[in-house]
Amino acid sequence: MTEWEAVEKRISCRAYRDEPLPEEILRQLEEKAAALSEASGLRFVPVRGKPAVKLAAAMFSGRVDFCVALVGGDDPLSAEKLGYYGQELVLYATQLGLGTCWVAGTYDRKSVDVTLAPGEKLWDVIPIGWPVEKTPKKQILIRAAIRRKSRKPEEFVESGTPFLDLPLWVQKGVEAVSLGPSAVNQQPVNILWREGCARAKLCRHGHGLEYNDLGIAKKQFEVGAASCGVRGTWEFGDGGAFAVV
């Protein structure tokens, strides 16, 4: 499965099978978390347990024995980088056939076995496990309620050019943004296209989690553009530019 196929396949999984992950898969996930920690300068902490995190019963079903805790400073840049690299982890887990979900508030923080240093904050957890074969009705209803709030791809673009006249790689990048998860389920990021340059900007502000979403959106756009053969790197920050390489 390619990264683009993972973008298309990924859903926010809220129903898990009570079945442990094999040691080989756990090893791969832990190695990926270590690589992301090194690349980001933040901490992606693998957590095992029975359960690894207590998720809100009103939103989730099943037991998750593995999750990754996302730890960084209490500042916008840390939040954005955790979103960007955290979404890389989500797509990697999806490629392994696993279910994931961005969870920012609907879990018991005390249940997560992670020690914070002074100045650090536990921003999110990403539970990772086997998705159920048949999604429970409650989960279908939750997903439908969230997706009703989703915008169409063309609504994510700020440009004087009609969406279908944009370069194909930009269209694909924006489509990927529209398919991406949102830590606050609000998709608060737009792509600004001006003079041949794409920028990612926040269209609404809240309590800091929107910077998670900014990072997630940048990773999604990057994967969408790459599916058309256009690779690039993002400048971090609200309004950061995508530099084609």
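Two strands pair if DSSP finds at least two bridges between them, and strands themselves are DSSP runs of E at least two residues long, just as helices are runs of H or I of at least four residues, numbered from the N terminus. With that in hand, welcome to this predicted model, where local features need pLDDT of at least 70, side-chain atom pairs count only at pLDDT 80 or more, and totals for chains, interfaces and linings use all residues. Residues are numbered from 1 along each chain as its sequence is written, and side-chain values use heavy atoms, with hydrogens and water left out.

**The five-stranded sheet**

- An open sheet of five strands runs in the order β7-β8-β9-β11-β10, and its pairing is mixed.
- At the edges sit β7 (157–158) and β10 (232–234), each of which pairs on one side only.
- β7 and β8 are parallel partners over two bridges, and glutamate 158 has leucine 192 in β8 as its bridge partner.
- β10 and β11 pair in the antiparallel sense over three bridges, with threonine 233 standing opposite alanine 243 in β11.
- Six residues lie between β10 and β11 in their hairpin, and glycine 237 in that turn has a positive phi of about 115 degrees.

**Strand β9 and its neighbours**

- Strand β8 (residues 189–194) pairs with β9 in the antiparallel sense over six bridges; one meeting point is isoleucine 191, whose bridge partner in β9 is alanine 200.
- The hairpin of β8 and β9 has two residues between the strands, and glutamate 195 there takes a positive phi near 50 degrees.
- On to β11 (residues 241–244): two bridges join this strand to β9, and the two run antiparallel, with arginine 199 opposite alanine 241.
- In a regular strand the side chains alternate between the two faces of the sheet.
- Buried here means under 20% relative accessible area, exposed over 50%, and partly exposed in between, using a 1.4 Å probe and protein chains only.

**Helix α2**

- Helix α2 (residues 23–40) has 18 residues, which at 1.5 Å a residue should span 26 Å, and its end C-alpha atoms are 25 Å apart, in agreement. The expected span is 1.5 Å times one less than the number of residues.
- Among the buried residues of α2 are Ile25, Leu26, Leu29, Ala33 and Leu36.
- Their cover includes β1 (43–48), β3 (66–73), α3 (76–95) and β6 (120–129), judged by contact, meaning heavy atoms within 4.5 Å.
- Glycine 41 follows α2 and has a positive phi, near 80 degrees.

**The cavity**

- The largest cavity has a lining that includes Phe156, Val177, Asp213 and Ile216. A cavity is a set of points, on a 1 Å grid over the protein atoms alone, where a 1.4 Å probe fits but cannot get out, and lining residues have an atom within 4 Å of a point.
- Helix α6 (residues 209–226) gives the largest share of this lining, four residues.

How values were computed: On a 1 Å grid over the protein atoms alone, a cavity is a set of points where a 1.4 Å probe fits but cannot get out, and a pocket is an open set with protein on both sides within 12 Å along at least five of seven lines; lining residues have an atom within 4 Å of a point.
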